[in-house]
Amino acid sequence: MVDPASGRDEVADIRIEDGVVTDVRHVDAPGNTEVFDAEGLLVSPGWIDVHVHLRQPGFDAKETIATGTTAAVAGGFVAVACMPNTKPALDSPEVIRTLMEDVERTGVARVYPIATITRGRTGDEAVDFDAVIEAGAIGWSDDGDTTANSAIMREALVASRRLNRPVIVHCEDKPIATGAMHEGEVSKELGIEGIPAAAEEIIIARDLMLAELTGGWLHVCHVSTGRGIELIHEAKQRGVNVTAEVMPHHLVMSDEWVAGSRELHNTDEAVGLQAEPGDPNTKVNPPLRPQEDTRKLLKALQDGWFDCFGTDHAPHAEPEKSVEYQQSAFGLSGLEFAFSLSYALVRAGHLGVVDLVRRWTVEPAKILGLDPVSIQEGLPANISVFDPEEFWTVTPEALKTKSKNTPLLGMTLRGRAALTIVDGEVQHRA
Ligand SMILES: [Zn+2]
């Protein structure tokens, strides 16, 4: 059992009664108790994903609350924050309330909605920042796009300071981000139009300045470049209120994956078979960067520059990924690969297991404004159990998500969720 909040990293028994943890030591189970033998497994507080696209309302062909939360628990997550680039967008108290009713009816994990920054996510007019938080949103984001208008961003950050909730930003300077993959050697080789690292870094720099100006809380999504996290770290050192997330795919995959490589960088995992170049399942935004960036991101993670992990689970239905690279949709499936990809960094000796668990549990909880998460007597049983040694092959049938858009298809991964308990209920059992 690894519990960062209490500092425990030991073998223990956990007793759960009526959905609440009632004992955490070496306990005997009475005869009528259901016992789950977790010997050899990693038991941790329930994992939380700060960045998920559930696609409901409006894009049910890609994912729904039912399928997305089922994928979440299958990946070992008890809670997800969902992005507002839906149809309608999550830009009003009414839409958020309707979403939460649907979660109540069909969700199997906890869901925390993120509202948009602008109405309809068009970038033109700010939402009612207070009203959407009152309705249950945990922050604001125009994810999928940058809010180009700096005056609206400033206004959002002022509200952020007042309400102590994060402005969650997707950093991409659109006019120079018309390409489909990272701009560099590989994009030139493949003849695919590139997106320069500067497209991301320019907006990170602007938003850090606005955060500094206002004292608002900036949370930077899916940082993918070494220079990007460096800018964030510099600002943090100066006292700017900024947090940042890193995605497993940006740590273990590079732009070479677009050319067909299936080597998981920064890990000791087996290399997959060489794939055809230009697989749309490698298209993601921000794009997979060169190996050098994966190393810089890893170093930043080791140095504590990143607050948390996230998956940016971005399901897309088959037709959106079975077209030419330039035309295909941006986004990778993430929830069911988070453990194997991030635990691979632990197995390779790059990250301590307590650090790993902290960045998937305690830190995400802080960003979402949740009660501290821990496996302790008196707290609700939100527990994730993983088998770090299970080998499994990624096939469409093995995945619970409605969409199967991942370049990992066909590869054998190591490590998988064994048991996921959400508020005392077993919602996933391998
Ligand atoms: Zn994004």
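Modeller: A residue counts as buried if 20 or more other C-beta atoms lie within 10 Å of its own, and as exposed if 12 or fewer do. Bear in mind that this is a predicted model.

Biologist: Is Arg121 buried or exposed?

Modeller: Arg121 is found in the loop between strand 8 and helix 3 (129-134). Its phi is near 60 degrees, a positive value in a residue other than glycine. The cut-off for burial is 20 or more other C-beta atoms within 10 Å. Arg121 has 25 C-beta neighbours inside 10 Å, so Arg121 counts as buried.

Biologist: How many other C-beta atoms lie within 10 Å of Asp312?

Modeller: The place of Asp312 is in the loop between strand 14 (308-309) and helix 10 (318-321). Its phi is positive, near 55 degrees, and the residue is not glycine. Asp312 is buried, and the number of other C-beta atoms within 10 Å is 27.

Biologist: Which residues does Gly334 touch, not counting residues up to four places away in sequence?

Modeller: Gly334 is found in the loop between helix 10 and helix 11 (338-347). It is buried, with 27 other C-beta atoms within 10 Å. Leaving out residues up to four places away in sequence, Gly334 touches Thr311, Asp312 and His313.

Biologist: How far apart in space are Gly334 and Gly68?

Modeller: In sequence, Gly334 and Gly68 are 266 residues apart. From C-alpha to C-alpha, the distance in space is 11 Å.

Biologist: What share of the contacts between residues at least 6 apart in sequence joins residues at least 24 apart?

Modeller: The chain has 13 helices and 17 strands. Buried residues make up 56% of its 430 residues. Among contacts between residues at least 6 apart in sequence, the share joining residues at least 24 apart is 77%.

Biologist: What is the radius of gyration of the chain, and how does the value stand against a compact globule?

Modeller: Along the principal axes, the C-alpha atoms fill a box of roughly 65 × 50 × 45 Å. For 430 residues, a compact globule would have a radius of gyration near 22 Å. The value for the chain agrees with this: 20 Å.

Biologist: Which residue of strand 4 is the bridge partner of Ile14?

Modeller: Strand 3 (residues 13-17) and strand 4 (residues 20-25) pair in the antiparallel sense over five bridges. The hairpin has two residues between the strands, and Asp18 takes a positive phi near 50 degrees there. The partner of Ile14 in strand 4 is Val24.

Biologist: Are helix 6 and helix 7 roughly parallel or roughly antiparallel to each other?

Modeller: The axes of helix 6 (residues 197-214) and helix 7 (residues 226-237) come within 9 Å and cross at roughly 10 degrees. Angles under 35 degrees count as roughly parallel. Helix 6 and helix 7 are therefore roughly parallel.

Biologist: Which residues of helix 7 make that contact with helix 6?

Modeller: By class, the contact has seven nonpolar, one polar and four charged residues. Helix 6 contributes Ala197, Glu200, Glu201, Ile204, Ala205, Leu208 and Glu212. From helix 7 come Arg227, Gly228, Leu231, Ile232 and Ala235.

Biologist: Which residue does a cis peptide bond join to Asn285?

Modeller: Omega of this bond is about -5 degrees. The residue lies in the loop between helix 8 (248-252) and helix 9 (291-302). It is Pro286.

Key: Residues numbered from 1 in each chain as written. Predicted model: local features only at pLDDT ≥ 70, side-chain atom pairs only at ≥ 80, totals over all residues. Axes fitted to C-alpha atoms, helices over the stretch in contact; angles between N-to-C directions. Helix = DSSP H or I, 4+ residues; strand = E, 2+ residues; numbered from the N terminus. Parallel < 35°, antiparallel > 145°, perpendicular 65-115°, else oblique. Contact = placed C-beta atoms within 7 Å. Nonpolar A, V, L, I, M, F, W, Y, C, P; charged D, E, K, R; others polar. Pairing = 2+ DSSP bridges. Rg over C-alpha atoms; globule rule 2.2 N^0.38 Å.
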